[in-house]
Amino acid sequence: MTDTTRISAAALADLLAGGEVSSVEATQAHLDRIAAVDGDIHAFLHVSDHALDVAADIDRRRAAGEELGPIAGVPLAIKDVLVTTDMPSTSGSKILEGYMSPYDATVVARARAAGLVPLGKTNMDEFAMGSSTEYSAYGPTRNPWDLDRIPGGSGGGSAAAVAAFEAPLALGSDTGGSIRQPAHVTGTVGLKPTYGGVSRYGAIALASSLDQVGPVSRTVLDSALLHDVIGGFDPHDATSIDREWPSFAAAAREGARGDVLKGLRVGVVRELPDSGFQPGVSASFRASLAAMEAQGAEIVEVSAPHFEYGVAAYYLILPAEASSNLAKFDSVRFGMRVDVPGGTVEDVMAATRDAGFGPEVKRRIILGTYALSAGYYDAYYGSAQKVRTLIQQDFAAAFADVDVIVTPSAPTTAFRIGEKIDDPLQMYLNDLTTIPANLAGVPGISIPSGLAEDDGLPVGIQFLAPAYEDARLYRVGAALEALLVDAWGGPLLDRAPALVAREGGAF
Amino acid sequence: MAKDKLMDFDAALEMFEPVLGFEVHVELNTRTKMFSGAANPAHADHHGAEPNTLVAPVDMGLPGSLPTVNAEAVKYSISLGLALGCSIAPSSRFARKNYFYPDLGKNYQISQYDEPIAFEGSIEVELSDGEVVTVPIERAHMEEDAGKLTHVGGSTGRIQGAEYSLVDYNRAGVPLVEIVTKPIFGAEHRAPEIAKAYVATIRDIVLSLGISEARLERGNLRCDANVSLRPRGQEKLGTRTETKNVNSMRSVERAVRYEIQRQAAILAAGGTITQETRHWHEDTGSTSPGRPKSDADDYRYFPEPDLLPVAPSTELIEQLRAALPEPPAARRRRLKTEWGFTDLEFQDVANGGLLVEVEETIAAGAAPAAARKWWTGEITRLANADGREPGELVTPTDVAALQALVDAGTLTDKLARQVLEGVIAGEGTPQEVVDARGLAVVSDDGALLAAIDDALAAQPDVLEKIRDGKVQAAGAIIGAVMKAMRGQADAARVRELIIERAAQ
Amino acid sequence: MSEITPELVRHLGVLARIQLSDDEVGSLTGQLDAIVDNIAKVSEVATPDVVATSHPIPMQNVFRPDEVGDLLTTAQVLQNAPDAADGRFRVTAILGEEQ
Ligand SMILES: [Mg+2]
Ligand SMILES: [Zn+2]
């Protein structure tokens, strides 16, 4: 019988629809896989104790002839930044240990309504602040390609779960690359939608004007299928875009079979020279460009002179908004409370926030408080908002000339756990290529481009499109994916080392 | 609390010029809150809700929750801005005001900062003698209310000395419009009166717009009064204090007077005024120091990233402008004519802040004179005795019903006052009080005649006197009958019946 | 060039309601100084003629109809409360006064 953990969500959905596999069987297989490998990977913070009941219900409904969605019955991992009524939601922080939300995030509610089976909540950097998942208060997640290396961040848990075949699909959130950079280092696919394309309601806010929820998967089509489920207008999120979106799955299918690369104008950013990237990353990137060119794509140099200010602007806007968003964790209504004998509520709040937040969270809150404080606002936050305008103008100028912009998804392959943890500035530079999309609100996708020749670790290639053109990314991404998988003779993840199942599992 | 030294008010005015400023918060009575779908406790349907029963995720800052803007609250705010003579911003924005406090679910208040929805206006405020003062309005902006803290333990129930506090988030997120005046110069000795009249005018405006219950005692309308003094002839403004917690119009007047006298005493003695908030104490009629302004007041305002600009169309603004009720000053002129009151009678009503009450009582069927008499007379007397506002005691509908009972002869004036007390005590509508207390005038002639016969039998000489034409002698019988009827008889009818009897 | 001092960090900790230890103040001062030096470069290009962007996708007038919804039950409101009494959240004594 097919190992349902190794196939794509689309393939699994076909088996489910055809009655060849039940959702209970598929869910059980993934729970078994989690039990076997997650002790090493630590992708999950919580595994649902009723996933099989949910799966059984889907099977029952299917048997009763009910019309189900295209991926009903497929298991789903959920980043812990998204609130869920049936599982704790901690956003990777001690301050929210055991927190139970009275409502579901919109994307979670939509996933449930579409018949997806939530497997559990995935690990992440605390409040999504980080690029390595090392800043989780619950211990790091490990990269399935090399357990000594980081799985990226902040959504390292979701990417690792998918890469380790613990789930075919996962939800992520991307504030500066937290979906795309983990995809890059784990050989998986992740897409940050156009800002406002997917509801933020129920996503524990990091930086409201940058955060976007999106899909994580092993194939472009799988991300598109999940995006079709979670996307679209939500009246609970004022920044949600009220418009009809095309079918992303249809776009991905069209890309995979058609010749969308022919005549496609692909922009390479002059200001992101190869010298800024690990040689293996750069080489993989160039090879992908050559493959596209061979299919008739036109590689065009575009200028984005303000991208170099992106990281600086990002590390002003994000901490500023985060310092305000994270003020709600004060020990009054929910979450941790540290008692201070004889202390006032102010003392209790300050002691709780000292004990409940990790070092990176405190660092960014203090930085954001500084950036917003009287006398500094104009120089810092105000200027950073102007850089956003300039980066948007860069994008507008480039997209006047090209259909998509392409970059390596991140400067290096997965680094070793602990390597950069004491050097925040180095850590921040990881997001160099992913940040501009968040600042400008445009969509971005990362798909595997191969393994770096210098260290044999996965490399991702990022495509960026104008706002609202998420479908274009699925089309182009699926086209390149088809080319590369063909050339590799199978999915990149087939080359990942087999994980050793541990006796008894982790749970 | 050390007692403040006060300078005589007139003496203070001789040395110093008072400069006033006001921040009035108006709670809007929309069905739902400013940024959530939770039912609004400032709406008449939800008064007195149990704690934490009117709460949506965003009101208590639950993780993942997001605010959404109430369309109706925006319209109310624009209407109020227009009624204040303000320009409506073609585009305005919400901003976060960051500070930690347990009543603030998110630990920031969504307000407006440098881009308020309404700015640069003025209103005409009429004083007790009919003089009209123009108060310049700087801005009116939309924001949300905070929750409610109850301090438990300690002796006073106040924040000082409390052991712990309880937080109820029902009020968190109630839509507010904050109206900020520019500095008001030239108020002089009328400063306290202008303060009171300003708040009364704001109340009249929001009531006529129907956008707030506007009950000061319930916090629907809250006034912070800024007072500063500068020596005569000095250009530079003095240091101001901001007196909070003034929750009646009478208190606004008293608080401003108090601050003028207090600051004058300090300045005259060579002291300096501390820029601080001060708290008004209704019981002692004084203010006490609150929190001094400090660098902890760094609210780190920034544009609210979860919300988008509010850019009302010209059509909407003009539509709301066309629907505005007449301005209070014009309204006063019209009502005075309609009601046929003398200057003094009208000022009595207006200065008592009773225009709306009288108007609604007349609308409910009472004659203007009767409506005026009740509100400026008995109801005001009872309210003053209780330290409350007349409008808190009884509704215009009940007053009109009460007067109807008098007009129908069911109640004498004296009985009606007893019924009023019953209504105020919460015993029900006037008719219900009449029924429950058995207070109606005895209009059954049989019962009256029986009482008259008893009284005549007891004082046989009186009957003779009446028959001799000394009709005034009937007074003794009337008195006896009224006593026997425990006052529940119409004295005029009793007199008629006595004369009839005597004629038989 | 940056003006990050231990005193400033301590003050920011007060504003942000985080009880920072002396060790934390020390390490944060150095780290923030380095970070701020690096990110201050935004002002190089943020000239007065550039308008600020606070929302990546320009939209306006997004409103909700004035209809009741999303109410939580009191049990839901209090379900994560560290301490509660009489249907309300309980906190220890408050030092400062309301804003
Ligand atoms: Mg104020
Ligand atoms: Zn205010």
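User: Why are α1(C) and α2(C) called roughly perpendicular to each other?

Analyst: In this predicted model, the axes of helix α1 (residues 6-15) of chain C and helix α2 (residues 22-39) of chain C cross at roughly 110° and come within 9 Å. Angles from 65 to 115 degrees count as roughly perpendicular, and α1(C) and α2(C) are therefore placed in that class. The crossing in which α1(C) passes α2(C) is right-handed.

User: Which residues of α1(C) and α2(C) meet, and what classes do they belong to?

Analyst: From α1(C) come P6(C), V9(C) and R10(C), and these meet D22(C), V25(C), L28(C), T29(C) and L32(C) of α2(C). Sorted by class, the contact of α1(C) with α2(C) has 5 nonpolar, 1 polar and 2 charged residues.

User: What makes α3(B) roughly antiparallel to α4(B)?

Analyst: Helix α3 (residues 191-209) of chain B packs with helix α4 (residues 249-268) of chain B at an angle of about 150°, their axes being 8 Å apart. Since angles over 145 degrees count as roughly antiparallel, the name is applied to α3(B) and α4(B). Here too the handedness can be stated, for α3(B) passes α4(B) in a right-handed crossing. Among the residues that meet are A195(B), V199(B) and R203(B) in α3(B), together with V252(B), V256(B) and I260(B) in α4(B). By class, the contact of α3(B) with α4(B) has 9 nonpolar, no polar and 5 charged residues.

User: Why do β1 and β8 of chain A count as standing at the edges?

Analyst: The open sheet has 11 strands in the order β1-β3-β2-β4-β6-β5-β10-β11-β9-β7-β8 (chain A), and its pairing is mixed. Both β1 (44-47) and β8 (298-302) of chain A have a single partner strand, so one side of each is left without a neighbour in the sheet. From one strand to the next, the twist averages 30°.

User: How do you know that β10 and β11 of chain A are paired, and which helices lie against the sheet?

Analyst: Two strands pair if at least two bridges are found between them, and 7 bridges join β10 (residues 444-451) to β11 (residues 458-464) of chain A, which run antiparallel. I445(A), for example, stands opposite F463(A) in β11(A). Helix α9 (residues 279-294) of chain A packs on the sheet, with a direction that makes about 55° with that of β11(A), whereas helix α16 (residues 470-488) of chain A runs at about 10° to β10(A).

User: What sets the peptide bond between G153(A) and S154(A) and the phi of N52(B) apart?

Analyst: Most residues other than glycine have a negative phi, and most peptide bonds are trans. The bond joining G153(A) and S154(A) is cis, with omega about 5°, and S154(A) is found in the loop between β3 (117-122) and α5 (156-163) of chain A. N52(B) is not a glycine, yet has a positive phi of about 55°, and this residue lies in the loop between β1 (16-27) and β2 (69-70) of chain B.

Methods:
Residues are numbered from 1 along each chain as its sequence is written. Chains are lettered from A and ligands numbered from 1 in the order in which they are written. This is a predicted model: local features need pLDDT of at least 70, side-chain atom pairs count only at pLDDT 80 or more; totals for chains, interfaces and linings use all residues. Side-chain values use heavy atoms; hydrogens and water are left out. Axes are lines fitted to C-alpha atoms, for helices over the stretch in contact, and angles run from 0 to 180 degrees between N-to-C directions. Helices (H or I, at least four residues) and strands (E, at least two) are DSSP runs, numbered from the N terminus. Angles under 35 degrees count as roughly parallel, over 145 as roughly antiparallel, 65 to 115 as roughly perpendicular and the rest as oblique. A crossing is left-handed if the near helix is turned anticlockwise from the far one by less than a right angle, and right-handed if clockwise. Contact means heavy atoms within 4.5 Å. Ala, Val, Leu, Ile, Met, Phe, Trp, Tyr, Cys and Pro count as nonpolar, Asp, Glu, Lys and Arg as charged, and the others, Gly among them, as polar.
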